[in-house]
Amino acid sequence: QIGVLAHDVPILGIQREHGADINGELRFVSPVPNEWVADIPPVWRWMLTPRPNVGLDANTSGYTSQVYFGLTWTADLFRDVVTPQDRVYFAIGFGPAFNNGRRFSASGSHLSLGSNVLFHPSVEIGYWFNPRYSIAVYFEHSSNAGLAAQNAGLDNMGIRLGLAF
């Protein structure tokens, strides 16, 4: 997936950093074999088949950029909505993020992240036009969960386009 995210949106805190992030993410096939979950009802199967991911947020204004990896769980909400093979989906992800931001900042224009390694939960809702192309609204939060004295957190939100291989 590739997209553009608004950087440090003021959802969970005050906006200190600005600009846009170019976001790119690769999601891989779940390492859980289909035969292991074949007897699980589809409504629950998504919880047992997370997909590994690796991604990048490159800030275009010189503020905090980050790379991340983790697992993403994806559930189909609706299928065959407008056309055959389309679907609306919901995804949640979690893993670590490694950033080049400031751990401590006296400046009001930079975040005090407390660490260059942060927790990285994400949520996404999207639409697959067909098995190959998708569009989604994506939100990610990076913070140290209060494990350091400084914990400004970084929230990014935007639109991503997906291409399945």
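Me: Which residue in β5 is the bridge partner of Thr72?

Reply: Gly93 in β5 is the partner of Thr72. This is a predicted model, in which local features need pLDDT of at least 70 and side-chain atom pairs pLDDT 80 or more, while totals for chains, interfaces and linings use all residues. Residues are numbered from 1 along each chain as its sequence is written, and side-chain values use heavy atoms, without hydrogens and water.

Me: What makes β8 a partner of β5?

Reply: β5 and strand β8 (residues 122–128) share 7 bridges, in the antiparallel sense. In this pairing, Tyr89 stands opposite Gly126 in β8.

Me: Where does Gln85 lie, and what is its phi?

Reply: Gln85 lies in the loop between β4 and β5. Its phi is positive, about 80°, although Gln85 is not a glycine. Asp80 is also placed in the loop between β4 and β5, and the phi of Asp80 is positive too, near 50°.

Me: Why is Gln85 called exposed?

Reply: Its relative accessibility is 53%. Exposed means over 50% relative accessible area (buried is under 20%, partly exposed in between; 1.4 Å probe, protein chains only), so Gln85 counts as exposed.

Me: How much of the protein chain is buried?

Reply: Buried residues make up 39% of the 165 residues.

Me: What makes up the pattern of the protein chain?

Reply: The chain has 2 helices and 10 strands, in the order β-β-α-α-β-β-β-β-β-β-β-β along the sequence. Helices here are DSSP runs of H or I with at least four residues, and strands are runs of E with at least two, numbered from the N terminus.

Me: How do you know whether the radius of gyration agrees with a compact globule?

Reply: The radius is taken over C-alpha atoms, and the globule rule is 2.2 Å times the number of residues to the power 0.38. For 165 residues the rule gives a value near 15 Å, and the chain has 17 Å, which agrees. The C-alpha trace spans about 55 × 30 × 25 Å along its principal axes.

Me: What share of the contacts joins residues 24 or more positions apart?

Reply: Among contacts (heavy atoms within 4.5 Å) with a separation of 6 or more, the share is 55%.

Notes:
Pairing = 2+ DSSP bridges.
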